[in-house]
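User: I'm new to this structure and would like to learn how to read it. Could you walk me through it, one feature at a time?

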Amino acid sequence: MKRILVIGAGGQIGTELVPHLQRLYGTDNVISADLKDEQVAKMSQFGIAEKLDATDANAFAEAVKKHKVDAIFNLVALLSATGEKMPQVAWGINMGALLNSLNIAKEFGCAVFTPSSIGAFGTSTPHDGTPQDTIMRPNTIYGCCKVAGELLSDYYFTRFGVDTRSVRFPGIISNGAMPGGGTTDYAVEVFYEIIKEGHHYTCEVPEDSYMDMMYMPDALKAVTDLMEADPSRLRHRNSFNIASMSFTPKILFEAIRKRIPDATFDYNVDPVKAAIADSWPNWMDDSCAREEWGWKPVWDMEAVIDDMLAAVRKKAGIK
Ligand code: AKB
């Protein structure tokens, strides 16, 4: 990878993936693109930025040509909970950006990274130690997009030789940009709420819903390690299970309460999020990623809590 285009760069992952790529490949070799003017204005302070609607194939191809791009990182997505509010829009955006990425990559000889998710699984998937290759019948439009995306990406690899690679992300915990519209968002939101006066958080996910989670630094390393991996070692491509920790809201909140003894939590369960959380794995088996490209996470839940509390307090100006 020498010249990288990140589409959907203004979101939770892009906000931290772009500087990570800039550190590894050089600031001028990373082009950030987003639909929103305010994101483009912000990103252009730190590197090359383009306003781009990734569902517009001509504009997308022009950007790839103009910047001589050889790798596309496709982060455009409406997430699981928002997707259920507008399924057709979610399908149009998620699949539109992916199909354009694949076709443009085929035309210009680019590699493609598109994240899949724990959302690609469904109620009939084995929930504990979810295998790499297993039943994938998701119950959400987001999941349908992820499964279709995995299949399409493998198809473009075998049929046209496009170098497509992907990981199935757990919920990502981070302190840069906020996530939006996901089922796992509670595991970020809680940190911002619990440091405020009152130290209270109301959670929309049931207290006993186990889901895989990951801290952003591990997620970023996964992306670049996979994209740099020796292709001859990859028996899978789209998409690898990657895991580092799994917990329920109750487990997370009890661990936070050990650091903030007067923290209080209650639940106002959103039935849509509850059904989604219930359909997803409790924890995934990521042994294929470990064997095929050396995946090895660093962060566990206790270390993440300490780091997140320090970071969000600093952002809020609290000592
Ligand atoms: C969501 O909750 O929709 C996302 C995901 C796990 O893909 N964070």
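**Reading the ligand site and the sheets**

Analyst: Let's start with the ligand, which sits in the largest pocket. Keep in mind that this is a predicted model.

User: Which residues are around the ligand?

Analyst: Around the ligand you'll find Leu-79, Ser-80, Ser-117, Ile-118, Tyr-142, Gly-182, Thr-183, Thr-184 and Trp-280.

User: And which side chains have an N or O atom 2.6 Å or 2.9 Å from a ligand atom?

Analyst: Take the ligand's oxygen atoms to begin with. The side chain of Ser-80 has an N or O atom 2.6 Å from a ligand oxygen, and a polar side-chain atom of Tyr-142 is 2.6 Å from a ligand oxygen. On the nitrogen side, an N or O atom in the side chain of Thr-184 lies 2.9 Å from a ligand nitrogen. As for cover, the ligand has 250 Å² of accessible area on its own, and the protein covers 93% of that.

User: Now the sheets. How do I read those?

Analyst: The general idea is that strands of a sheet pair through backbone hydrogen bonds, either parallel or antiparallel. Here, six strands make an open sheet with parallel pairing, in the order β3-β2-β1-β4-β5-β8. Its edges are β3 (48–51) and β8 (164–165); each has a single partner strand, so one side of each is left without a neighbour in the sheet.

User: How many bridges join β5 to β8?

Analyst: Two bridges do, and these strands run parallel; β5 covers residues 111–113. To spot one, look at Val-112, whose bridge partner in β8 is Thr-164.

User: What about the sheet with β10, β12 and β14?

Analyst: Those three strands form an open sheet in the order β10-β12-β14, with mixed pairing. The edge strands are β10 (171–173) and β14 (245–247), and one side of each lacks a neighbour in the sheet because each has a single partner strand. From one strand to the next, the twist averages 40°. Strand β12 (residues 211–215) pairs with β14 in the antiparallel sense, over three bridges, and Met-211 stands opposite Phe-247 in β14.

User: Last one: how do I read the backbone angles?

Analyst: As a rule, most residues other than glycine have a negative phi, and most peptide bonds are trans. Now try Lys-68: its phi is positive, near 50°, and Lys-68 sits in the loop between α3 (57–66) and β4 (71–74). Then check the peptide bond from Asn-238 to Ser-239, which is cis, with omega near 20°. Ser-239 belongs to the loop between α8 (216–228) and β13 (240–241).

Methods: Residues are numbered from 1 along each chain as its sequence is written. This is a predicted model: local features need pLDDT of at least 70, side-chain atom pairs count only at pLDDT 80 or more; totals for chains, interfaces and linings use all residues. Side-chain values use heavy atoms; hydrogens and water are left out. Two strands pair if DSSP finds at least two bridges between them. Helices (H or I, at least four residues) and strands (E, at least two) are DSSP runs, numbered from the N terminus. Axes are lines fitted to C-alpha atoms, for helices over the stretch in contact, and angles run from 0 to 180 degrees between N-to-C directions. A residue is near a molecule or strand if one of its heavy atoms lies within 4 Å of it. A polar contact is a pair of N or O atoms within 3.5 Å; within protein, one must be able to donate a hydrogen and the other to accept it, and residues adjacent in sequence count only if both atoms are side-chain atoms. Accessible areas come from the Shrake-Rupley method with a 1.4 Å probe; for residues, only the protein chains shown count as cover. On a 1 Å grid over the protein atoms alone, a cavity is a set of points where a 1.4 Å probe fits but cannot get out, and a pocket is an open set with protein on both sides within 12 Å along at least five of seven lines; lining residues have an atom within 4 Å of a point. A molecule sits in a cavity or pocket if more than half of its atoms lie within 2 Å of its grid points.
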